[in-house]
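Please look over the following model before reading on.

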Amino acid sequence: MATGHDDHHHGPAKGLTRWLYTTNHKDIGTLYLWFSFAMFLLGGTFALVIRAELFQPGLQFVDPNLFNQMTTMHGLVMVFGAVMPAFVGLANWMVPMMIGAPDMALPRMNNWSFWILPFAFAMMSSTLFMDGGGPNFGWTFYAPLSTTFAPKSVTFFIFAVHMMGASSIMGSINIIATIQNLRAPGMTYMKMPLFVWTWLITAYLLIAVMPVLAGVVTMMLFDIHFGTSFFSAAGGGDPVLFQHVFWFFGHPEVYIMILPAFGVVSEIIPTFSRKRLFGYDSMVYATSSIAFLSFIVWAHHMFTTGMPLAGELFFMYSTMLIAVPTGVKVFNWITTMFKGSLSFETPMLFAIAFVVLFTCGGFTGLMLAIAPADFQYQDTYFVVAHFHYVLVPGAVFSIMAAAYYWLPKWTGNMYDENLGKLHFWLSFIGINILFFPQHFLGLAGMPRRVPDYALQFANFNMVSSIGAFFFGFSQLLLLFIVIKTIKGGKKATAQVWEGAEGLEWTLPSPAPYHTFSTPPPIK
């Protein structure tokens with residue numbers, strides 16, 4: 001990919017060294033995006049092992065312990081390896097250009113925060129080959145299951161989590177420093193593109209919650225190796241404490257995974273509606289409200305732990321309150337499209353699917369927020385269906401929308417529109433065959449995280465598994481489309497998307513200072 005300048009003053013950096021030492025935000029964005037795609041395929045493979053096992057009842061495909069390791073690794077790899085690095089990659093590529101900055105504020109740290117990740121995930125994946133196997137306690141790693149009864153590899157898992165957290169914190173500091181200090185003259189906060197706004201808010205969320213995750217895995221480490229009893233009732237500790245600390249991180253975390261998606265969709269819908277975004281200010285305020293509320297709803301994951309009635313009521317009402325700013329956003333997206341001059345290129349198809357299916361996920365979330373009803377839904381496949389509707393047609397579809405939307409800008413080539421549409425429809429159909437039946441399974445009482453199940457759940461599980469393989473293998477088409485676009489194709493013009501005022505992508509970005517052989521003169 002053309003980056004304008006070389007990283008070394010010794011002439012162009014070639015091959016591997018260019019990527020190893022690069023401080024260029026575009027190169028680093030590219031690294032994040034490729035890494036995230038690799039993790040998406042790895043996490044997807046783990047998911048297909050799960051769905052193959054659940055294709056029919058009766059033990060058939062894998063050992064139950066391996067099944068548990070797959071559920072754990074699938075969740076961890078998808079959350080920390082696929083979704084988050086993809087959004088960080090989009091931020092690296094687009095934020096400096098959107099605010100007219102020469103590069104990220106802290107380019108060397110940018111390089112480091114990426115290169116930590118492959119090692120963290122190599123370590124985490126290697127636990128699968130260790131004595132006693134990998135982590136087998138679910139992606140939420142509830143103690144005391146993850147401390148007293150865990151395989152020996154849990155220590156490596158804890159270290160990997162620390163590395164991911166360090167990467168996230170550095171990436172966030174960088175994004176905040178960039179947005180607050182390097183905006184072009186005249187680029188006030190309320191003139192920033194919404195993608196920049198959502199990332200600014202997301203970065204603050206990450207800095208707030210990542211140390212909490214680091215704290216809880218450190219407490220696990222001490223319980224395992226140093227004789228403390230944070231989570232052991234026998235030593236005066238409390239297993240429910242683990243859940244409180246974990247979800248105090250975990251709930252803002254799920255918003256960290258969706259806020260940049262809101263930003264992406266808020267860039268794409270106006271372009272293909274050929275109208276300005278409806279209600280820009282309210283979008284900024286809604287995003288901020290969601291971020292604030294995300295800190296006071298964590299115990300809705302814990303309604304069944306026996307909390308006091310007052311606690312249940314507080315967390316029920318505060319959770320329902322999040323529906324208000326989210327509803328504002330959905331209303332604004334729909335109103336942007338209303339009476340617009342719409343065209344349905346691939347990014348717009350993904351964005352519209354996002355709005356529809358994410359809203360479905362929001363409604364099931366509202367059901368789960370009702371404390372007395374949650375006693376029935378808790379730990380069933382209904383919860384699995386709910387959060388996958390938020391995360392796959394939500395976060396993942398928005399990442400795909402962003403990739404199609406910005407690929408012409410990144411590569412200088414136009415992707416194959418027919419193949420893009422084919423990829424969309426295969427994904428859209430596959431995802432609904434995969435996750436919609438899981439609502440019925442959950443309401444009928446099928447528990448989650450089980451390698452086997454009663455006969456009455458067989459039909460819907462078979463349908464779900466077929467959808468999983470259909471969706472999973474469709475993603476190889478995305479890989480093909482991206483590689484094909486990088487290699488060539490019709491040249492992208494300055495007006496790739498005929499937006500509201502022509503192409504409202506970015507301000508022209510000056511060349512990064514730190515890639516010159518001599519620093520530019522200070523004006």
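1. In this predicted model, helices α2 and α16 pack at an angle of about 160 degrees, with their axes 10 Å apart. Axes are lines fitted to C-alpha atoms over the stretch in contact, and angles run from 0 to 180 degrees between N-to-C directions. Helices are DSSP runs (H or I, at least four residues) numbered from the N terminus. The angle makes α2 roughly antiparallel to α16, a label for angles over 145 degrees.

2. The crossing of these two helices, α2 and α16, is left-handed, that is, the near helix is turned anticlockwise from the far one by less than a right angle. Contact here means heavy atoms within 4.5 Å. On the α2 side W34, F37, F40, L48, R51 and A52 take part, and the residues they meet in α16 include F469, F473 and L478. By class, this contact of α2 with α16 has 13 nonpolar, 4 polar and 1 charged residues. Ala, Val, Leu, Ile, Met, Phe, Trp, Tyr, Cys and Pro count as nonpolar, Asp, Glu, Lys and Arg as charged, and the others, Gly among them, as polar.

3. Residues are numbered from 1 along each chain as its sequence is written. As the model is predicted, local features need pLDDT of at least 70 and side-chain atom pairs count only at pLDDT 80 or more, while totals for chains, interfaces and linings use all residues; side-chain values use heavy atoms, with hydrogens and water left out.

4. How many cavities of 30 Å³ or more does a search of the whole structure find? There are 2. A cavity is a set of points, on a 1 Å grid over the protein atoms alone, where a 1.4 Å probe fits but cannot get out; lining residues have an atom within 4 Å of a point. Grid points are joined across faces, edges and corners, and a volume is the space filled by probe spheres set on the points.

5. The largest cavity has a volume of about 380 Å³. Its lining has 22 residues, and L33, F37, I399, A403 and L478 lie nearest its centre. Helices α2, α3, α14 and α16 each supply at least two residues of this lining, which divides into 20 nonpolar, 2 polar and no charged.

6. The second largest cavity holds about 170 Å³ of space. Of its 19 lining residues, M84, P85, V88, S167 and S168 lie nearest its centre. The largest share of this lining, 6 residues, comes from α3.

Note on methods. 1 Å grid on protein atoms, 1.4 Å probe; cavity = no way out; pocket = protein on both sides within 12 Å on 5 of 7 lines; lining within 4 Å. Parallel < 35°, antiparallel > 145°, perpendicular 65-115°, else oblique.
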